[in-house]
Amino acid sequence: MFSGKKLKYLMYYVTGVLILLIALNSVMKSFGTKHIKYSTFEKMLSEKKIEEVQIRDNELVIVPKSEKDVEKKILYTANIEKQNISTLLDRLKAAGVNYDGPVKNNNPFMNFFLEWILPLLVFMIIGRIIFGSMEKKMGSGVMSFGKNNAKIYAENETGKTFADVAGQDEAKESLVEIVDFLHNSEKYIKIGAKLPKGALLVGPPGTGKTLLAKAVAGEAKVPFFSLSGSSFVEMFVGMGAARVRDLFKQAEEKAPCIVFIDEIDAIGKSRDSGMGGGNDEREQTLNQLLAQMDGFDASKGVVILAATNRPEVLDKALLRPGRFDRRVIVDTPDLKGREAILKVHSKEVKMSDDVNLESVAKATPGAVGADLANMVNEAALLAVKKGRKAVIQEDLEESIEIIIAGKEKKDRIMSDREKRTVAFHEVGHALVAALLKHTDPVHKITIIPRTMGALGYTMQLPEEEKYLVSKEEMTDKITVMLGGRAAEEVEFNAISTGASNDIEKATQTARNMVTIYGMTERFDMMALESVSNRYLDGRPVRNCSAQTEAIIDEETLKIIKESHGKAIKILEDNRELLTAISERLIEKETLMGDEFMEMVNGVFPEESSKNENSEISLDKEEQIEDTKDTKEEQQN
Ligand code: ADP
Ligand code: MG
Ligand code: ZN
């Protein structure tokens with residue numbers, strides 16, 4: 001850190017030393033001496049009390065003779081009176097006083113050296129030692145201002161291996177080559193193969209990019225230099241570029257090694273995206289980075305890894321051959337991957353034998369490695385809180401909910417009326433889901449409010465990982481989303497604000513059916529908006545006229561109206577069941593899937609054959625497994 005703090009310490013030290021030296025010198029001079037008047041000296045001389053006299057500069061140093069009257073140890077000094085000096089010597093001789101002639105023992109250089117230079121040297125050495133140890137503790141050099149002060153983290157051993165990274169097999173595969181290169185670079189150099197200078201790890205936050213980079217260094221047993229892109233930008237102009245230079249210098253000294261630049265989008269943002277003018281500092285830093293990457297010799301064994309979750313904003317120059325020409329995709333893990341990650345992390349905690357990680361993985365679609373690691377830890381904390389010796393399944397399930405829906409908010413009190421509304425709303429979702437064919441089974445219904453804003457929720461879990469969603473599934477999904485509000489209408493003949501989130505999601509899904517997936521007769525397979533092209537605020541870009549947009553709205557509304565009608569019909573036809581389940585939910589606050597299905601099956605014994613796909617769309621996002629309900633007043 002180029003902080004004022006250390007500079008301040010140094011200033012204090014220097015002034016302190018100087019004051020101390022001055023004080024010491026004056027004390028030393030006056031120590032054991034006593035200044036007397038010249039007349040007193042003359043008196044002493046005539047009384048023969050003087051043994052010896054030294055003449056120094058313009059002072060007399062007098063050594064007294066007797067121990068009785070005057071203590072022998074004390075020297076006296078007196079100012080010389082110039083007019084008396086010639087007679088003084090004669091008088092001294094006559095009195096039989098030894099005298100040391102003028103200037104003898106009086107090399108001014110020697111004096112100056114002894115009084116100032118030598119102590120200064122001593123203090124400087126002490127200072128070095130003190131600040132040296134401070135430097136080690138605080139990270140960078142006090143004595144070297146202006147040099148690199150970046151937070152470069154250098155690790156000689158990361159201690160991570162590929163075994164620590166689960167569920168990213170493809171990413172690992174493409175990084176194995178880099179490990180091999182760092183291990184035996186001669187092999188490659190001999191054949192004349194040019195190795196990639198850098199690889200870009202691309203993926204959403206928490207998927208294990210940093211972990212992978214460390215694992216590469218760990219596997220290759222080389223040092224790991226890491227630096228975060230955002231730490232470049234906060235600096236003064238020019239500092240970022242200096243840091244880059246310094247980083248590469250250090251890396252070349254330590255080669256073979258890995259240089260890891262995290263969040264590279266912070267510096268590598270496209271230079272011509274020009275929002276609100278350029279950022280000079282960032283641009284300079286980026287240019288320096290590009291220059292360094294071109295300039296250094298890859299055969300030395302420095303491999304640069306960078307990570308980003310926004311590859312689309314990166315400057316094209318960064319992605320050119322010879323720079324980050326390799327992309328390693330680190331994606332959100334699938335079911336198998338999640339299970340593997342859970343396995344890795346559950347090694348660190350004591351788990352009871354009957355824990356079923358697969359079912360935990362099933363319940364957490366969309367969770368990334370960091371979530372899962374967090375979840376396992378949360379479960380361990382719960383186990384401790386409940387005084388258990390090992391984590392059991394229940395802890396894991398509770399921790400899933402903590403991660404997904406925020407911690408249970410026990411202190412929030414709902415009025416009975418509110419509770420009733422929420423219960424019917426949730427059961428509305430669940431019942432519609434249970435009675436439609438192309439839906440995911442209900443896992444849990446609860447009306448316990450959560451900190452994240454849901455007053456209750458219905459959790460549906462897919463039976464298996466799905467990558468394709470059929471048209472029927474999409475319309476049924478919309479119907480389920482609208483089932484909450486429909487139940488309120490059927491039961492209370494009134495509506496509340498609690499369905500805002502449902503409405504938003506349902507509308508979005510319906511619109512996507514019209515504009516992206518070609519699921520309406522009216523537009524057939526015409527693409528009406530493109531997924532890759534979005535406005536800066538994330539709104540999709542429509543490739544159509546204003547008239548067509550009006551028709552899109554019409555079509556969307558049609559889908560929603562149909563689904564809404566369907567939901568109402570289902571619930572009206574099963575009003576007794578709706579009421580019965582809702583009453584049970586109000587009483588118990590949480591209903592598990594099997595309990596719920598038991599009640600449903602009491603009325604519809606053979607209800608469970610699902611899943612026949614016909615029209616299919618590619619969509620992963622639509623696997624929203626829970627329907628959260630928010631009350632507007634709660635969100636504020
Ligand atoms: P990113 O850099 O992609 O944002 P990190 O590498 O920092 O994610 O991951 C954060 C933490 O999450 C890791 O330290 C690790 O504990 C856990 N984690 C993430 N992905 C994985 C994975 N694939 N396997 C095991 N643990 C993971
Ligand atoms: Mg990271
Ligand atoms: Zn709802």
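**Exercise 1. Determine which residues Thr548 contacts outside its sequence neighbourhood, and describe its setting.**

*Solution.* Step 1: apart from neighbours within four places in sequence, Thr548 is in contact with Phe523 and Leu528, where contact means heavy atoms within 4.5 Å.

Step 1: Thr548 belongs to helix α19, residues 546–573. Helices (H or I, at least four residues) and strands (E, at least two) are DSSP runs, numbered from the N terminus.

Step 2: compare sequence and space. Phe523 is 25 residues from Thr548 along the chain, and their C-alpha atoms are separated by 9.6 Å.

Step 3: Thr548 has a relative accessible area of 15%, so it is buried. Buried means under 20% relative accessible area, exposed over 50%, and partly exposed in between (1.4 Å probe, protein chains only).

Step 4: examine the side chain. The side chains of Thr548 and Ser545 are joined by a polar contact of 2.8 Å. A polar contact is a pair of N or O atoms within 3.5 Å; within protein, one must be able to donate a hydrogen and the other to accept it, and residues adjacent in sequence count only if both atoms are side-chain atoms.

*Conventions for all exercises.* This is a predicted model, in which local features need pLDDT of at least 70 and side-chain atom pairs count only at pLDDT 80 or more, while totals for chains, interfaces and linings use all residues. Residues are numbered from 1 along each chain as its sequence is written, chains are lettered from A and ligands numbered from 1 in the order in which they are written, and side-chain values use heavy atoms, with hydrogens and water left out.

**Exercise 2. Locate Ser352 and identify the partner of its side chain.**

*Solution.* Step 1: the loop between α12 (335–346) and α13 (357–362) holds Ser352.

Step 1: a relative accessible area of 18% makes Ser352 buried.

Step 2: the partner is Asp354, whose side chain makes a polar contact of 2.2 Å with that of Ser352.

Step 3: not counting residues up to four places away in sequence, Ser352 also touches Ala390, Val391 and Ile392.

**Exercise 3. Explain where ligand 1 lies and which atoms approach it.**

*Solution.* Step 1: 16 residues surround ligand 1, and the closest are Ala166, Gly206, Lys209, Thr210 and His345.

Step 1: the shell receives residues from both domain 2 (151–329) and domain 3 (335–403), so ligand 1 lies between them. The domain bounds come from an automatic or database domain assignment.

Step 2: three helices, α7 (209–220), α12 and α14 (369–385), each supply at least two residues of the shell.

Step 3: consider the atom pairs. A backbone N or O atom of Ala166 is 2.7 Å from a nitrogen atom of ligand 1. An oxygen atom of ligand 1 lies 3.0 Å from a backbone N or O atom of Gly208. In the side chain of Thr210, an N or O atom is 2.6 Å from an oxygen atom of the ligand.

Step 4: ligand 1 taken alone exposes 560 Å², of which the protein buries 78%. Accessible areas come from the Shrake-Rupley method with a 1.4 Å probe; for residues, only the protein chains shown count as cover.

Step 5: return to Ala166. This residue is in the loop between β6 (153–155) and α5 (169–183), and at 13% relative accessibility it counts as buried. Leaving out residues up to four places away in sequence, Ala166 touches Ala340, Ile341 and Val344.

Conventions. A residue is near a molecule or strand if one of its heavy atoms lies within 4 Å of it.
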